[in-house]
Amino acid sequence: MSHADPLRIGRFSFGSRLIIGTGKYADVAQTRAALEASGAEVITVALRRVDLNDRAAGSLMSLLLEKRWTLLPNTAGCYTADEAVRTLRLARELGIGEIVKLEVIGDAKTLYPDNEQTLEAATLLVKEGFTVLPYCIDDPIICRKLADVGCAAVMPLAAPIGSGLGIRNPYNLRIILENSSVPVIVDAGVGTASDAAIAMELGCHGILMNTAVAGAKQPILMAEAMREAVSAGRKAFLAGRMPKRLYANASSPEAGLIE
């Protein structure tokens, strides 16, 4: 999509509705190529998994600080509200923490978020002036609570992080969308372009993905496919699909046929 249909998150506005992660690529060159092919304007980086001090030519941080993208620092690897808050305060001190992805994990095997710790951290971060995008379970109740404390968007998972299982519960996403006062961005579980299109056709406002692109056999080509899928899905949602019918309905009208 274009700036004629922007994704608005708090005071920010983006032409692309695709947010891309920067982990798991073969090297920095491949990372750059995939980011460019995706058309993403926002890219997320795990603060606890990258050397923030290595800004030499060819490093990941040198790429991220080119000012070509809006950086969305995330708290991957944090298991408590305190850890997440301290990590994002560090990001702000480094000048890359105005808009942030909050992730507080509750289980190491599933990487499902801890709702209570996420809500606690979100409440504090919003009070400190951060634009907060929280990763959460696809639960309408926690999504409502996160929006109520001032989060600029909610980011329910489609399936476990890195699973590639696609949209496991479209009905929960529909309920979240119907009741959300802020943008709904699918975060985690997308595996291929059709998954992205389905999420957008449901009415989701955007998608964040990493492994679906970085883990593909041809990441750069997959990044391009995801760019097109997100755009197509958004257009289909705006266009409004035809109603489903049990029986056939002739494509050509029968009225006025010559006997």
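**Notebook: a walk through a predicted fold**

I began at Thr118, and setting aside neighbours within four places in sequence, I found it in contact (heavy atoms within 4.5 Å) with Leu102, Val104, Pro113, Pro134, Tyr135 and Leu146. I note that this is a predicted model, where local features need pLDDT of at least 70, side-chain atom pairs count only at pLDDT 80 or more, and totals for chains, interfaces and linings use all residues. Residues are numbered from 1 along each chain as its sequence is written, and side-chain values use heavy atoms, with hydrogens and water left out.

**Entry 1**

I placed Thr118 in helix H4, residues 115–127. Helices (H or I, at least four residues) and strands (E, at least two) are DSSP runs, numbered from the N terminus. Is Thr118 buried or exposed? I found it buried, with a relative accessible area of 1%. For that word I used these cut-offs: buried is under 20% relative accessible area, exposed is over 50%, and partly exposed is in between, with a 1.4 Å probe and protein chains only. I also looked up Tyr79, which is 39 residues from Thr118 in sequence and 9.4 Å from it in space, C-alpha to C-alpha.

Asn74 is 28 residues from Leu102 along the chain, yet I read 5.9 Å between their C-alpha atoms.

**Entry 2: Val154**

I then turned to Val154, in the loop between helix H5 (140–148) and strand E8 (155–156). Val154 counts as buried, at 0% relative accessibility. Which residues does Val154 touch, not counting those up to four places away in sequence? I listed Pro134, Cys143, Leu146, Ala147, Ser180, Val182, Pro183, Val184 and Ile185. Ala193 is another matter: 39 residues from Val154 in sequence, it lies 22 Å away, C-alpha to C-alpha.

**Entry 3: positive phi values**

I reminded myself that most residues other than glycine have a negative phi. Lys24 has a positive phi, near 80°. I found Lys24 in the loop between E3 and H1, and at 57% relative accessibility it counts as exposed. Ala188 also has a positive phi, near 95°. Its place is the loop between strand E9 (185–187) and H7, and at 12% relative accessibility Ala188 counts as buried.

**Entry 4: helix H9**

How many residues does helix H9 have? I counted 21, running over residues 219–239. At 1.5 Å a residue they should span 30 Å, and the end C-alpha atoms are 30 Å apart, which agrees. The expected span here is 1.5 Å times one less than the number of residues. I wrote down the buried residues of H9: Pro219, Met222, Ala223, Met226, Ala229, Val230, Ser231, Gly233 and Arg234. An α-helix has 3.6 residues a turn, so residues three or four places apart point the same way. The cover over the buried residues of H9 includes strand E3 (18–21), helix H1 (28–38), helix H7 (193–202), strand E10 (206–209) and helix H8 (211–214).

**Entry 5: the whole chain**

Last, I stepped back and found nine helices and 10 strands in the protein chain. The radius of gyration is 19 Å, close to the 18 Å that the globule rule gives for 259 residues, so the chain is as compact as a globular protein of that length. That radius is taken over C-alpha atoms, and the rule is 2.2 Å times the number of residues to the power 0.38. The C-alpha atoms fill a box of roughly 80 × 40 × 35 Å along the principal axes. I noted that 47% of the 259 residues count as buried. Of the contacts between residues at least 6 apart in sequence, 64% join residues at least 24 apart.
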